[in-house]
Amino acid sequence: MKISLRKSVKNLNKFERILWIVSLTVVAASFVVGGSGDLLTLAASLTGVTALIFIARGDVMGQLLTVAFSLLYAAVSWEFRYYGEMATYVGMTMPIAIASVVTWLKNPYSENEVAVSSMTRRKWLILIAADIVATVLFYFILKALGTANLLFSTISVATSFLAAGLAMLRSPFYAAAYASNDLVLIVLWVYASFSDLSFLPMVLCFVMFFVNDMYGFYSWRKMFRRQKGEK
């Protein structure tokens, strides 16, 4: 697989271009309407939705942008004392995204598409066991830090770890897990927006994340059938 942002954009089909433009427009519009002056929040949102459109294509560029998004999102989370989100993205999502870059580059289907993999029973057991351990560990860490909305932050850890793990393992189910995580994050940032409208772009960001992840699941299932020679 080759890494080229220009080529990645060029490879988007008509629907994906429209979805990407709509996602960017919705997030940017919410930033303007909310009267936010927080450019970091906007940058994180725009980077996140861009990463997802490339991941939906199985393009490694999406994982590279996920690394950048993790850093930006962690900074935004720190500002609102969502230490769970900050710790999750810096200590878990970002390292797994880096590992995903490596595994995707080692398992190409074509120049700009990763080879989709099936989940075996052994893979599921190991991933679920690791998810449980990570969630319990982060629960106590977040509790000690006095994390706001501890319950939803802990659920976010569980769904984020599962989703990132499935993405690293090149499974179409990564998108379904991320969609579940998006719903949790929408709740978290709705709470944040009640006290500060500058966080409204993050709500709209994860609404668009949800839409993109649902498309990602459809796209990866289609990729899987095509790669296996099925109609």
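The model is predicted, so local features need pLDDT of at least 70 and side-chain atom pairs count only at pLDDT 80 or more, while totals for chains, interfaces and linings use all residues. Residues are numbered from 1 along each chain as its sequence is written, and side-chain values use heavy atoms, leaving out hydrogens and water.

Let's start with the rings. The structure holds 17 aromatic pairs (rings of Phe, Tyr and Trp, taking the six-membered ring of Trp, with centres within 6.5 Å; planes under 30 degrees apart are stacked, over 60 edge-to-face, the rest tilted). Two of them are in this table:

| Pair | Geometry | Centre to centre | Between planes |
|---|---|---|---|
| W20 and F54 | tilted | 6.2 Å | 55° |
| F69 and F209 | tilted | 5.5 Å | 55° |

W20 sits in helix α2 (residues 14-33) and F54 in helix α3 (residues 39-55), 34 residues apart. Helices here are DSSP runs of H or I, at least four residues, numbered from the N terminus. W20 counts as buried at 18% relative accessibility, and F54 is buried at 0% (buried means under 20% relative accessible area, with a 1.4 Å probe and protein chains only).

F69 lies in helix α4 (residues 61-79) and F209 in helix α9, so their pair ties together parts 140 residues apart in sequence. Both F69 and F209 are buried. Ring pairs also link these two with Y73, Y89 and F206 into a cluster.

Helix α9 (residues 200-227) turns up again at the largest pocket, giving the most to its lining, with 6 residues. A pocket is an open set of points on a 1 Å grid over the protein atoms alone, where a 1.4 Å probe fits, with protein on both sides within 12 Å along at least five of seven lines; lining residues have an atom within 4 Å of a point. Among the lining residues are Y215, Y218 and R226.

How values were computed
Helices (H or I, at least four residues) and strands (E, at least two) are DSSP runs, numbered from the N terminus. Buried means under 20% relative accessible area, exposed over 50%, partly exposed in between (1.4 Å probe, protein chains only).
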